[in-house]
Amino acid sequence: MHAEMLIDGFFVGGPCDQSVGKQVVRAPFDGKIVGTAAEGGWGELRTCIDAAHDAFQTWRHSPRHRRQELLRNIARLVRERSDELAETLTLEIGKPITASRGEVARLALTFEYAADLMSTYGTESMPVDTDPRGVGYRCSVERFPIGAIFCIVPYNWPYNLTAHKIAPALATGNTVIVKPSPLAPISTLSLLRLIHDAGCPPGVVNGWSGHHSHVQKALADPRVRMLSFTGSAAVGWKLKESMPDRHVALELGGDASAIVCADADLDWATKRIVAGGFGYAGQICISIQHVLVAASVYDDVRKRLTDLTAMCPKGDPMLESTVCGPMISLEATDKLIDMLDEAVSKGASYLAGGGRKGQVVEPTLLENVPSDARLHCEEAFGPVLTVAPFDTIDDAIGAVNASQYGIHTGVFTQDIRVAEEAYRELEVGGVIVNDYPTLRFDNMPYGGVKRSGFGREGVRYAMDDMTVPKTLLTRTL
């Protein structure tokens, strides 16, 4: 496979183009060559900004039916090419094939949600004669696009998290420059080719892959009106500081917890926790990292989790049975193993797992992880669960709130009062009751608090982020 950059409607960096560099992409599972991707320099990136800025002057005036047609064409092509897209994803990033199919299915829905919203989105009228001065006036508000948006996307969801930036931007009349992750350029650039094939006008969607040193220069260009970034907290917050006068949306890391209360359905809860902790080797921002269990059922839950962890299928991501595939890179694998070793050296103990074979880390369960271990207070981003008891729900909430992160928390309970208290008191972006915190639907608001992010995705909420309200006040008398 070879993936080219998309710049102003042209594909740049073909396999025979000697003027553009090429990146070799290898499969995380076995190291075999998956393909190559074009790598641009500052010249290509600057041209992307030129194209996005120029295309915005016309795309922002495009009628809603035209944008809806494009979005629905994209969804249609995604479904037509779903097998190819899923296989590419599994080969390039090691996501188990069943999970890859799930991402592709969601990808089509994300574009359809944006199309559907355009039937009613972005206009409202409001009365102003509640103030005596407003008699004889009519007030309407419309949301307007902001311009060229620079989108930096991660490796772990290179289709759907790219779509969560492109779909709302297209729907609202904005243009985009997309920078794929260097760990997943083929998948993201392949999606951009599909968008081009669906009839996207030149310059409206552009894709550039290259060294990160050029990104800061691009963000300094005032024609870039917004940054939408998904990735690490360290990089995201630094980029936000560099754009104090423009809008920035950040979707960053997390260390999601699952709280298991004494009245929970323990069979359901433990099965979902294992799926939410080890699916795709835990390389998900809302993958479960910590399990907090009511003391009265702790021994029971610990045994269930130990057994399920040991049985969790791991290895070749092309096998239908695999749940936990490889880590994305040797560096990521080594970092995770270092965290495990440090935790054990400080008193943690393995209940299951802990081994590795190449970039495949066994699903791992630990207890007695001390609070000063990195595994306790930093994002692991790997197939690791810690388990600990709690005495009261307030203790569990306090433990979650002590984290520097906060995207989702799962709460397993049959008591609506406990669920309500958790919803009101947990310092997170979302509370999932009786399911794992790894659950996300693409039309709901999604994002974190504290170090986990700034702003919200979820199609309609991203559309709000990418537009500004403008008021029209008319004197009619």
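OK, let's start with Trp 59, which sits in helix 1, residues 42–59. Helices here are DSSP runs of H or I with at least four residues, strands are runs of E with at least two, and both are numbered from the N terminus. Before I go on: this is a predicted model, where local features need pLDDT of at least 70 and side-chain atom pairs count only at pLDDT 80 or more, while totals for chains, interfaces and linings use all residues. Residues are numbered from 1 along each chain as its sequence is written, and side-chain values use heavy atoms, with hydrogens and water left out.

Back to the tryptophan. Is Trp 59 buried or exposed? Its relative accessibility is 2%, so Trp 59 counts as buried; the cut-offs are under 20% relative accessible area for buried, over 50% for exposed, and partly exposed in between, with a 1.4 Å probe and protein chains only. Skipping neighbours within four places in sequence, Trp 59 has contacts (heavy atoms within 4.5 Å) that include Arg 66, Arg 67, Leu 70, Leu 170 and Pro 201.

Next up, Met 118, in the loop between helix 4 (97–117) and strand 6 (123–126). Met 118 is buried too, at 3% relative accessibility. With neighbours within four places left aside, Met 118 touches Arg 64, Arg 67, Gln 68, Ala 171 and Met 463. Take Gln 68: 50 residues away from Met 118 in sequence, but 7.0 Å C-alpha to C-alpha.

Now the helix pair. Helix 2 (residues 64–80) packs on helix 6 (residues 185–197) at about 125°, with 9 Å between the axes. That angle makes helix 2 oblique to helix 6. For the conventions, axes are lines fitted to C-alpha atoms, over the stretch in contact for helices, and angles run from 0 to 180 degrees between N-to-C directions. Under 35 degrees is roughly parallel, over 145 roughly antiparallel, 65 to 115 roughly perpendicular, and the rest oblique.

Which residues make the contact? From helix 2 we have Leu 70, Ile 74, Leu 77 and Val 78, and from helix 6 Leu 194, Ile 195 and Asp 197.

Last, cysteines. A disulfide means two cysteine sulfur atoms within 2.5 Å, and the count here is zero.
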